[in-house]
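Please read them alongside the sequence and the structure.

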Amino acid sequence: LCSACSPPNSEPSEAFELARNDHAEPAREWRTYLGDRSASHRSPLDEIHPENVARLEVAWTYDARDASPEGASQIQFNPLVVKGVLYGTSPSLRLFALNAATGEELWSFQPDADVRIWTSSRGAVYWEDESAGEDERILLGAGPYLYAIDARTGRAKEGFGNRGRVDLREGLGRDVSGDMLGVVANTPGTVFEDLII
């Protein structure tokens, strides 16, 4: 299911915990695709404005790697920032978590190799079980699959679907495996309670 997951254990790394210790309140983060549940593309932050934008300096950069040598690569992903951690993808749909303050990579998850030929991804969904406290997931569409990845460790959530993924082609009442038909989830859904729509 995962050809290059890290870290290998089931507990968050020390670097992940450090990123979590230095985060803004939820209203100042980007927890939902396109900013909020109404997809407003807006942030409540007001420290950057037309009068000071010319004085901004680069705080950090991150090389997402995986670019095509032919120059056909792209990243359409709208990153999420949750509790001090930025979640994004590379051109090959490798999901990664970065310390939002420093750009340090905390973990990465590479979906099956065959999804790379299917599509790009525009974003992901963050979900947490508020009653359990430690069940946080990133739901990522990659090719014909929907993956549930532990937001703290980068490991597939084994109890979700088939070892961490659901094949979106199943249960449709018709065969969509041919050349002319296909199913992809390149735009993230919306979470309502415990449902992803």
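1. A charge is taken to sit over a ring if NZ of Lys or CZ of Arg is within 6 Å of the ring centre and within 35 degrees of the ring normal. In this predicted model, the charged end of R165 meets that description, sitting over the ring of Y145 at 3.7 Å from its centre.

2. The ring of Y145 also pairs with that of Y147: their centres are 6.1 Å apart and their planes stand at 70°, so the pair is edge-to-face.

3. The aromatic pairs number 4, and one of them is formed by Y62 and F96, a tilted pair with 4.7 Å from centre to centre and 50° between the planes. Because Y62 lies in the loop between α1 (14-21) and β1 (80-82) whereas F96 belongs to strand β3 (residues 95-99), this pair ties together parts that are 34 residues apart in sequence. Y62 counts as partly exposed, with a relative accessibility of 22%, while F96, at 5%, counts as buried.

4. The largest nonpolar core comprises 23 residues, and those with the most contacts inside it are Y87, W107 and I138. At least two residues of this core come from each of α1, β1, β2 (85-89), β3, β4 (105-109), β6 (135-142) and β7 (145-150). Another core, of 7 residues, lies apart from it and includes W127, L139, L146 and F160.

Note on methods
Residues numbered from 1 in each chain as written. Predicted model: local features only at pLDDT ≥ 70, side-chain atom pairs only at ≥ 80, totals over all residues. Heavy atoms only, no water. Phe/Tyr/Trp six-rings, centres within 6.5 Å; stacked < 30°, edge-to-face > 60°. Helix = DSSP H or I, 4+ residues; strand = E, 2+ residues; numbered from the N terminus. Buried < 20%, exposed > 50% of the residue type's maximum accessible area, 1.4 Å probe, protein only. Core = buried A, V, L, I, M, F, W, Y, C linked by side-chain atoms within 4.5 Å.
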